[in-house]
Amino acid sequence: MAKPQVVVAPVLMSKLSANAPEFYPSGYSSHYTESYEDGCDDYPTLSEYVQDFLNHLTEQPGSFETEIEQFAETLNGWVTTDDALQELVELIYQQATSIPNFSYMGARLCNYLSHHLTISPQSGNFRQLLLQRCRTEYEVKDQAAKGDELTRKRFHAFVLFLGELYLNLEIKGTNGQVTRADILQVGLRELLNALFYNPMDDNLICAVKLLKLTGSVLEDAWKEKGKNDMEEIIQRIENVVLDANCSRDVKQMLLKLVELRSSNWGRVHATSTYREATPENDPNYFMNEPTFYTSDGVPFTAADPDYQEKYQELLEREDFFPDYEENGTDLSGAGDSYLDDIDDEMDPEIEEAYEKFCLESERKRKQ
């Protein structure tokens with residue numbers, strides 16, 4: 001049986017055959033370009049084209065601003081069926097949850113395509129299909145949080161991608177107002193519950209990462225609605241620190257998160273409330289990005305061009321969580337100088353903070 005020929009949308013064929021050298025950005029794969037110049041009929045499939053572009057963004061995230069418009073324009077000439085749209089959503093989802101450094105870029109890409117893809121079939125537009133795909137993972141959250149190590153690792157990647165989506169996916173109302181997706185806010189709350197109900201070290205590490213990423217924005221949103229969800233989460237953390245059989249390093253990690261929250265999530269300047277904020281008086285009016293700090297104390301937010309690299313450095317910083325791998329494995333090993341130089345006691349500073357924390361928690365319980 002003859003192999004079926006891949007049919008490329010006419011708009012895309014004209015772009016690729018007539019302007020292939022100009023279409024592909026600098027450093028981008030030239031495999032397809034050479035085929036076109038040689039007059040070969042081996043056009044890429046949708047999967048090949050999208051995956052090549054995703055890999056390019058992973059390697060060169062700074063190219064997003066200059067190349068995303070052409071990418072979306074090409075997709076509009078190609079993605080014309082329900083199946084093609086479903087395939088596009090799945091490719092982006094898999095990249096964002098399998099490549100750790102791509103979760104932020106993937107969320108930005110999803111936001112852009114949700115506003116610029118023209119196809120809107122009865123099965124749902126790009127954003128609706130993306131949220132449906134996320135819901136598939138969300139519905140098995142309880143089983144995933146208590147699953148084996150590989151299952152939990154995939155679950156953690158999904159959780160952090162959903163956090164990035166919450167921060168970056170903009171919903172435009174009929175009057176032009178930009179808001180976040182409330183359904184993601186509710187989902188993140190339930191995902192945190194699943195992680196804390198199964199207080200294994202790697203689950204707790206994932207919860208800390210999620211709260212460092214979204215904690216300030218979530219708390220602001222909950223306060224706006226008169227909810228005290230963040231207080232409940234902090235109480236859950238206190239219970240974990242006091243009662244759970246997690247490692248000492250994870251307990252220190254949780255204590256530092258509580259400390260970060262007590263300092264208003266590291267935000268130096270108090271910002272206006274949501275009702276008072278305007279694009280003129282609040283540069284973070286639409287996104288209200290949380291502020292993080294590099295090892296040198298330099299503040300940065302997701303709006304910075306090199307946010308991705310700085311944020312990854314923050315997560316891996318040794319003084320934040322020394323000698324610990326995300327899969328819960330102690331990296332020190334027998335005879336390591338790190339273990340040889342310490343005893344079972346906490347560092348004086350951490351010990352003092354822990355004692356104060358325990359006393360305060362006990363006082364609250366008696367009340």
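**Close-up views of a predicted model**

**View 1. Leu167, tucked into helix 9.** Leu167 is found in helix 9, and the model shown here and in the other views is a predicted one. With a relative accessibility of 2%, Leu167 counts as buried, because the cut-off for that label is under 20%. Look for Arg180 as well: Leu167 and Arg180 are 13 residues apart along the chain, and 7.3 Å separates their C-alpha atoms.

**View 2. The whole chain, for orientation.** Before zooming in again, here's the overall inventory. The protein's secondary structure comes to 16 helices and four strands. Of the 367 residues in the protein, 48% are buried. Take the contacts between residues at least 6 apart in sequence: 68% of them join residues at least 24 apart. The salt-bridge count comes to 12, and a few of those pairs get their own views below.

View 3. The side chains of Arg152 and Asp202 meet here, with 2.8 Å from N to O. Are the two partners buried or exposed? Arg152 has 11% relative accessibility and therefore counts as buried. Asp202, at 4%, counts as buried too.

View 4. Lys225 belongs to the loop between helix 11 and helix 12, while Asp182 is in helix 10, so the pair ties together parts 43 residues apart in sequence. Lys225 counts as partly exposed, with 42% relative accessibility. Asp182 also counts as partly exposed, at 46%.

View 5. Glu139 and Arg135 form a salt bridge, and their closest N and O atoms are 3.2 Å apart. Arg135 has 45% relative accessibility, so it counts as partly exposed. Elsewhere, Glu219, Lys223, Glu231 and Arg261 are joined up in a network of salt bridges.

**View 6. Helix 10 packed with helix 12.** How do these two helices line up, and which residues make the contact? Helix 10 (residues 182–197) and helix 12 (residues 229–243) pack at an angle of about 10°, and their axes are 11 Å apart. An angle under 35 degrees counts as roughly parallel, so that's the label for this pair. On the helix 10 side, the contact is made by Arg189, Leu192, Asn193, Phe196 and Tyr197. Helix 12 brings Asp229, Glu232, Ile233, Arg236, Ile237 and Val240. Sorted by type, the residues of this contact come out as six nonpolar, one polar and four charged.

**View 7. Lys251, a buried lysine without a salt bridge.** Lys251 is placed in helix 13 (residues 248–262). What is the nearest side chain of opposite charge, and how many Å away is it? That side chain is Asp243, 8.0 Å away. A salt bridge needs the nitrogen and oxygen within 4 Å, and Lys251, though buried, has none. Leaving out residues up to four places away in sequence, Lys251 touches Val240, Val241, Ala244 and Cys246.

Terms used:
Residues numbered from 1 in each chain as written. Predicted model: local features only at pLDDT ≥ 70, side-chain atom pairs only at ≥ 80, totals over all residues. Heavy atoms only, no water. Axes fitted to C-alpha atoms, helices over the stretch in contact; angles between N-to-C directions. Parallel < 35°, antiparallel > 145°, perpendicular 65-115°, else oblique. Contact = heavy atoms within 4.5 Å. Nonpolar A, V, L, I, M, F, W, Y, C, P; charged D, E, K, R; others polar. Buried < 20%, exposed > 50% of the residue type's maximum accessible area, 1.4 Å probe, protein only. Lys, Arg positive; Asp, Glu negative; His and termini not counted.
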